Amino acid sequence: MRPRHLRIRPQFQALLAGPAVARTAHFALHRLSADGLARAPEPTQALFLPADTVWLGAMVPKRWARRAVTRNAIRRQIYAVAEEISSPLTAGAHLVRLRAAFAPAQFPSATSAALKRAVRAELMTLFGRRGA
């Protein structure tokens, strides 16, 4: 089942209000489980209807990826890896946030194959650490 994408600012804010459940050198994963959504205040519950669905968002700030082509490539990798992981995401809302820049000296091209491999490997690690 494909996850539904987070679209509006209040959805992102609801996820960023809590701590990250997993981190790597460049990414952080924020999550509200289906149980957490059920216990959340009414306005937050209404943001994620239906609640028994997997919601996924990608936050790639311009601060950490200056070029639009790089931001879009990282965002595409986030959604692709989330669909391909061996243990699917549980029902609830998930947000992957880029929290540090990839070294421009190491990846001079805006969307090189090496950058995509590095992003994919780190995302696999991140989703492996996500816990229950």
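Predicted model: local features only at pLDDT ≥ 70, side-chain atom pairs only at ≥ 80, totals over all residues.

User: Which residues of α4 are buried, and what covers them?

Analyst: Helix α4 spans residues 68-84, and its 17 residues reach 24 Å from the first C-alpha to the last, close to the 24 Å expected at 1.5 Å a residue. Its buried residues are T70, R71, A73, I74, Q77, I78, Y79, V81 and A82. The cover over these buried residues includes β1 (4-5), β3 (27-33), β4 (54-59), β5 (92-98) and α5 (113-128).

User: Is A82 buried or exposed?

Analyst: A82 is found in helix α4, and, leaving aside residues up to four places away in sequence, it touches L56, L89 and F127. Because buried means under 20% relative accessible area and A82 has a relative accessible area of 7%, A82 counts as buried.

User: How many Å apart in space are A82 and L123, C-alpha to C-alpha?

Analyst: In sequence, A82 and L123 are 41 residues apart. In space, taken from C-alpha to C-alpha, the separation between A82 and L123 is 8.5 Å.

User: In what order do the five strands form the open sheet, and which are the edge strands?

Analyst: The pairing in this open sheet is mixed, and the order of its five strands is β1-β4-β5-β3-β2. The strands that each pair on one side only, and are therefore the edge strands, are β1 and β2 (20-23).

User: How many bridges join β4 to β5, and which residue in β5 stands opposite V54?

Analyst: Strands β4 and β5 run parallel, and the number of bridges that join them is six. Across from V54, the residue in β5 is G92.

User: Is the peptide bond from L49 to P50 cis or trans?

Analyst: P50 is found in the loop between α3 (42-47) and β4. Most peptide bonds are trans. For the bond from L49 to P50, however, omega is near 0 degrees, and the bond is cis.

Definitions and conventions:
Residues numbered from 1 in each chain as written. Heavy atoms only, no water. Helix = DSSP H or I, 4+ residues; strand = E, 2+ residues; numbered from the N terminus. Buried < 20%, exposed > 50% of the residue type's maximum accessible area, 1.4 Å probe, protein only. Contact = heavy atoms within 4.5 Å. Expected span 1.5 Å × (residues − 1). Pairing = 2+ DSSP bridges.
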